[in-house]
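Good morning, colleagues. Please look at the model on the screen while I go through its aromatic contacts.

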Amino acid sequence: MLAPVVTTSGTAPAALAGFDNVMKTFVTERNISCAQLAIAKKGKILLARGYRYSDGSQALPSVTPTSLFRIASLSKHITAAAIMRLVQDGKLSLSTPVTTLLGLSATADPRLKQVTVLRLIHHLGGWDRDKSKDPLWLDHTISASLDVPLPISQDDIVRYVTARPLDHDPGSKMVYSNYGYMLLGKIIEKVSGMSYESYVKQKLFAPVGITRMRIGHSLRSEAEATEVVYSSQYTQKSVMDDSGSTVPYQYGGFNMPNQGANGGWLASAVDLVRFSRVFDAAGPVLNAASITKILAKPEIGISADGSWYGGGWYVRQVPGNLNTWHAGGMPGTYTYLARLQNGFTYAALFNRREEQGTLDYDVLSPLMNAQIGKVTTWPTTDLTSKYF
């Protein structure tokens, strides 16, 4: 058997070789077979790279800069932008309760009436997945509780959660909630009269020339031709039917379309750095007021480390800049996106996440950040026209 090697595609200028080397080392040490990196500075894409780590024993396609990856929670800033676009167009108010917008009953907990659109954006809705578990990953429980067949729908999830009390007072503390963002997706559909995916493609992606991004599928047999193969050591009971069959966790162990607004998008790294420009300055998607609102501090203020959660972004004030970032993860996926000082933006995508026995994945951000100060001369060639 041949020793595995990293093969690459795309462009990595010599001046940015440090970032390229971080990725090569990262995938080698963690046995990650597919990865992607894109770097932009002040709106120009300077590096676009696909990585394949393999011994050649399997006939797997190369990873190009436009291969599609599940991006998991990097979907959230897209959803927050869609909400703000509806607000900007005068079709939605951030202070409207979710009960009013979606016709939800507050019988199980009257505090549900206090859950506004803005509180959903900031993860202040009152759900705590450490106490009541994340309903986006409770398919079998919900199916049995409601006596409905698998696969369950988002409406089933809403019915199940709405019948149960909140875990704490809305607005009292920030607890990360996939369910809250799933509700935002349903609000977008209700207010716009379009599917969540169609609204985002038309109002957010089309104006900036993004055409590849789409909501993903659960099964490998349904995957896009340009989508990478996902890897996980874990198996799970299928949530796609009532057969009880054991499946790879990343293919049928969770319902990808249900993740939708909180974690369902497919993208390439160049797509993500391209879309990040939407938050830099007023443009065809968001105006200055909308951007300010997305990045504003929530009602609970800032956390102990000086950061806060805006609309789908973690945010920190640094001298002269607001740094924003987010990570994403699900079985078979780890993703990271950051917008930092001096207009530096990068997206890194991988086809497996940290699992038992693997090295820490959280070191990626400091490793990448350490390279920024080592760049003596930034490239001037803009690769954007190659991909958009």
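There are 21 aromatic pairs in this structure; rings of Phe, Tyr and Trp (its six-membered ring) pair if their centres lie within 6.5 Å, and planes under 30 degrees apart count as stacked, over 60 as edge-to-face and the rest as tilted. The model is a predicted one, in which local features need pLDDT of at least 70, side-chain atom pairs count only at pLDDT 80 or more, and totals for chains, interfaces and linings use all residues. Residues are numbered from 1 along each chain as its sequence is written, and side-chain values use heavy atoms, with hydrogens and water left out.

One of the pairs joins phenylalanine 26 and tyrosine 361 edge-to-face, at 5.4 Å centre to centre and 75° between the planes. Phenylalanine 26 belongs to helix α1 (residues 17–30) and tyrosine 361 to the loop between β13 and α13 (364–372), so this pair ties together parts that are 335 residues apart in sequence. Helices (H or I, at least four residues) and strands (E, at least two) are DSSP runs, numbered from the N terminus.

Is phenylalanine 26 buried or exposed? Phenylalanine 26 counts as buried, at 1% relative accessibility; buried means under 20% relative accessible area, exposed over 50%, and partly exposed in between, with a 1.4 Å probe and protein chains only. Tyrosine 361 is likewise buried, at 1%.

A tilted pair is formed by phenylalanine 344 and tyrosine 346, with 5.9 Å centre to centre and 55° between the planes. Phenylalanine 344 is buried at 1%, and tyrosine 346 is buried at 0%.

Finally, ring pairs link Tyr196, Phe205, Trp265, Phe275, Phe279 and Trp313 into a cluster.
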